[in-house]
Amino acid sequence: MTSKITRRLLLLLRPASCFLPPVSLVLAASCLLLPATLWSAEARPQVARSSCVECHSAFPPPTGVSEAQWAADIHAQKGLSCASCHGGDANDPSPEGAMSKKAGFRGKPKRTEIPALCAKCHADGAYMRQYNPSLRTDQLAQYQTSVHGKRLAKGDSKVAVCIDCHSVHGIRPAQDTRSTVNPLNVANTCARCHSDAAYMKDYKIKTDQFAGYSASVHHDAMVVRGDLSAPTCTTCHGNHGAAPPGVASVENVCSTCHVFQAQLFDTSPHKAAFAAMGTGACITCHSNHRIVHPTDKLIGTGNEAVCTNCHAAGDPGFAAAGRIHDDLTKLDAALKRSDELLDKAERSGMEVSQARLEEAQGRDSLTKARVTLHSFQPDKVEQDIQAGMKIADTTYKAGVQALAERDYRRKGLGLTLITILVVLAGLRLYIRQVESRNQRGGN
Amino acid sequence: MASLPEAAPPTSTHSNRLVRWLDERFGWEELLAPLRHKTVPVHKLSYWYFLGGITLFLFVIQVLTGILLLLYYRASANEAFESVQYIMTQVQFGWLVRSIHSWSANLMIFTAFAHMFSVLFLRAYTKPRELTWLSGMVLLFLVLGFGFSGYLLPWNTLAFFATKVGTEITGQVPVIGKPLLIFLRGGEEVTGATLTRFFGFHVALLPGITTLLIAVHILLIQRLGMSVPPSQEAAWKAKPPAQREMPFFPNFFAHELMAWYIALGVLGALAALYPWELGSKADPFVAAPAGIKPEWYFLFMFQTLKLIPAKVGPIDGELIGILGFGVAGLIWVLLPFLGGDRYGRRQVFIRGLGVFALAYMLAMTVYGYVAK
Amino acid sequence: MDHAEPVTRPEPARRRLMQFLLGGGLLASAVSFLYPVLRYLVPPAATDLGGDSVVAAKVGELKANSGKIFRFGSRPGLLVRTAEGEYRALSATCTHLNCTVQYRSDVREVWCACHNGFYDLNGRNVAGPPPRPLDSYAVHVNGDEIVVSRRRGA
């Protein structure tokens with residue numbers, strides 16, 4: 001009788017594709033619960049009861065999966081069960097029944113099989129549409145173009161597969177800040193392998209990327225300033241199709257955000273030169289992972305400048321670098337000078353808000369110059385600098401005027417003090433005269 | 001009813017015709033005559049007599065500069081800060097008027113305290129001058145009220161939080177504390193309503209009461225004359241001096257005028273060389289800046305409260321502090337009635353109390369400044 | 001006590017000096033006090049308090065689909081007249097590195113020339129490096145003046 005009911009249920013609720021026919025019963029049951037779980041997913045994740053967790057929550061890892069862990073998993077919240085990936089019968093309380101080959105139990109999948117296993121659902125557009133129509137379904141295809149995917153195909157099981165980045169049994173969506181693939185956590189996830197020198201021994205690539213990135217301005221933007229649009233590993237390397245951009249395409253990657261710098265670079269003599277040398281465009285000066293906040297010292301002929309790595313005294317590049325550096329520091333110094341003067345005036349109680357406004361424009365010019373320098377043509381940089389110098393000059397004059405007003409006040413004070421002293425002197429004489437008069441008059 | 005014969009004012013003999021004309025209509029010669037004979041004792045400690053007059057002079061300065069500020073100040077939370085900024089930067093000599101007002105306020109509180117302590121140590125509060133002392137103590141509290149209410153008016157961050165803390169402490173007084181807090185704040189929290197209320201206190205209520213009390217205070221002084229400190233009386237007995245007193249008009253007044261002009265010079269210099277800061281506009285939603293302290297004249301009380309442990313037995317430490325200051329204030333107001341005879345033994349005890357109070361206030365103020 | 005004095009009054013010269021000093025001093029000091037007070041009483045040209053609101057432009061000054069930088073306290077503001085004729089006012093300080101933004105009539109968005117940041121007309125950062133939106137201000141037309149003020153409350 002139960003089989004008749006279940007067959008009717010199947011007919012009523014057959015989902016589009018349940019990839020394990022013997023498990024369709026289980027899936028039908030869990031599909032019944034789907035609305036309930038969807039509704040309560042945010043509030044109290046009510047996952048389908050499965051006999052697997054009842055036993056396995058008591059085990060230590062690696063076979064242990066706790067109730068809490070599984071309840072946090074997005075698959076559990078959407079109504080799938082252990083059997084969805086591992087096969088078997090999630091309703092059968094006995095181990096023999098639950099993990100029977102007859103019920104389709106597959107046990108722990110081999111690492112090399114995992115991408116295909118996940119892709120059984122995640123690459124099926126029609127299936128995924130039922131759950132989240134905006135989720136991509138090309139992850140497997142991308143993965144197969146990646147270094148990880150290519151090596152896995154050759155049999156290397158040390159490389160990352162789905163569960164290494166997304167974790168397993170407690171997978172959270174990427175928007176969840178606790179997820180291992182949330183932008184805030186991506187670098188840590190990649191570093192689990194890529195910073196492990198012992199693990200990476202056979203691969204002949206460096207393991208200092210995470211350390212470098214952690215010191216970079218991109219890391220600072222995301223973690224310290226909270227800008228989630230800042231780049232992390234996957235931004236430049238891709239996530240499923242992860243591979244380092246080729247030397248020729250580095251500029252393309254950086255220029256998705258740094259548009260102006262790339263455009264200017266394209267007009268500069270460096271473009272052809274770097275291409276000929278086979279060095280990446282941006283990373284030659286800025287490095288790839290340890291991209292620190294650039295200062296004016298990065299350009300020029302000083303100790304910290306990168307220009308002297310290629311240019312030597314006497315060549316035109318050396319001279320250009322020197323000119324650009326001098327120009328930038330000249331404007332910076334002029335702006336600082338006028339700023340200090342305005343500070344002094346303000347502290348003396350003078351009103352300088354108009355000058356402050358213009359000061360901001362002056363700093364704009366300096367910011368623009370620091371972008372224009374990517375053309376590596378001193379004349380172009382000169383234009384921005386001149387505009388800034390003019391403004392710095394005006395604001396400096398405003399500061400001088402404010403201080404002159406302050407001095408005028410002090411002169412006014414001086415005059416008033418003099419008149420007061422005169423009155424005091426007069427009063428002194430008056431008192432003396434009155435008192436001597438009193439004494440003579442006999443008071 | 002038979003009508004009284006019209007009493008014409010006596011004919012004035014003043015040299016100035018205008019003055020004579022006015023006197024025939026006001027009849028003030030009769031009233032002012034006693035003033036011409038008013039004398040001021042001359043002795044080693046006569047200079048202390050200036051302090052009262054300087055305080056009065058500074059009060060007049062406050063009223064005049066305050067009226068000028070009223071022409072441009074706007075008492076709403078949205079505009080108060082900007083209006084003071086406007087006065088400081090756009091109005092011709094606005095910086096001068098505002099800085100003089102702020103500096104003179106501080107100077108006045110200082111001279112008021114100095115005046116009170118000098119009266120205490122020179123024993124000028126004993127019979128028959130009890131009411132002068134009483135009115136003077138109330139005036140001192142009013143002056144502190146002026147300082148507290150005026151401080152909020154620029155609506156900057158420091159003032160906002162100082163007011164918050166100050167009214168909070170007031171709220172701790174038992175029984176009447178909470179209603180008093182709501183009365184002062186114009187609500188539960190410090191808001192624009194508080195500003196409007198403080199403005200009303202500062203420019204109407206307090207000046208009205210203060211003017212009345214000053215009139216009473218001066219009237220009493222004129223009627224009772226200046227007191228001579230017991231130590232000088234003894235010195236006079238031992239060695240009678242050539243001159244025991246000088247006429248108020250013109251001698252003493254000329255001296256006072258010198259003191260007032262010096263005060264004017266000091267005020268002008270302070271205003272021009274150390275203009276009063278404006279700070280940043282108050283934002284009720286920002287956390288209080290670290291290390292917030294009240295102005296120096298409240299610092300000794302604030303520092304005392306900070307030093308008392310949070311709980312003393314079952315009672316709140318802050319409450320003990322507030323009650324302590326309340327009791328001290330009450331004793332201070334009632335000193336003339338507690339001291340007994342002017343030359344009695346209890347006066348020595350009161351002098352000791354005075355020295356302790358002064359030393360304590362100075363020490364706590366300095367401590368409050370240097371403490372983190 | 002009477003002293004036999006050759007003169008019973010101070011010498012005329014001394015007396016005149018005293019009168020000159022006292023009278024002249026009193027007059028001069030009175031002038032030096034009154035002069036600032038009289039100047040103070042004259043209202044300044046700029047009656048605007050600044051701070052929370054400011055007159056950004058006059059009606060008709062801006063054509064449709066154009067923008068203007070105006071001064072709001074000590075910071076720049078951007079007044080935009082959209083293609084439909086509506087007025088919008090935003091802070092003109094870019095939230096990336098504080099450059100001054102401008103209105104681009106070709107893309108009809110606010111643009112920062114320093115690093116190619118874009119904001120929509122609500123101030124929301126839509127492209128490029130800016131991490132946060134621009135503050136938006138309230139705009140009122142008051143007669144023939146366009147008044148921009150800081151938003152209050154929500």
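What percentage of the 372 residues of chain B count as buried? In this predicted model, 33% of them do, a residue being buried if 20 or more other C-beta atoms, placed from the backbone, lie within 10 Å of its own. Local features need pLDDT of at least 70 and side-chain atom pairs count only at pLDDT 80 or more, whereas totals for chains, interfaces and linings use all residues. Residues are numbered from 1 along each chain as its sequence is written, and chains are lettered from A in the order in which they are written.

**View 1. Overall make-up of chain B, with 15 helices and four strands.** Helices (H or I, at least four residues) and strands (E, at least two) are DSSP runs numbered from the N terminus. Of the contacts in chain B between residues at least 6 apart in sequence, 75% join residues at least 24 apart; two residues are in contact if their C-beta atoms, placed from the backbone, lie within 7 Å.

**View 2. Packing of helices α5 (residues 94–121) and α6 (residues 130–152) of chain B.** The axes, fitted to C-alpha atoms over the stretch in contact, lie 10 Å apart at an angle of about 160°, on a scale from 0 to 180 degrees between N-to-C directions. The two helices α5(B) and α6(B) are therefore roughly antiparallel (angles over 145 degrees). Helix α5(B) contributes Ala105(B), Met108(B), Ile109(B), Ala112(B), Met116(B) and Val119(B); residues from α6(B) include Trp133(B), Leu140(B) and Gly147(B). By class, this contact of α5(B) with α6(B) has ten nonpolar, three polar and no charged residues, where Ala, Val, Leu, Ile, Met, Phe, Trp, Tyr, Cys and Pro count as nonpolar, Asp, Glu, Lys and Arg as charged, and the others, Gly among them, as polar.

**View 3. The contact between chains A and C.** Chain A gives 30 residues and chain C gives 32. On the side of chain A that touches chain C, two or more residues come from each of α19 (259–266), α23 (353–372) and α24 (378–441). The largest share, 14 residues, belongs to α24(A). This side of chain A divides into 14 nonpolar, nine polar and seven charged residues.

**View 4. The open four-stranded sheet of chain C.** The order is β5-β6-β7-β8, with antiparallel pairing; two strands pair if DSSP finds at least two bridges between them. At the edges stand β5 (102–104) and β8 (125–127) of chain C, each pairing on one side only. The twist averages 40° from one strand to the next. Three bridges join β5(C) to β6 (residues 109–112) of chain C in the antiparallel sense, and Arg104(C) stands opposite Glu109(C) in β6(C).

Technical notes:
Parallel < 35°, antiparallel > 145°, perpendicular 65-115°, else oblique. Buried ≥ 20, exposed ≤ 12 C-beta atoms within 10 Å, placed from the backbone.
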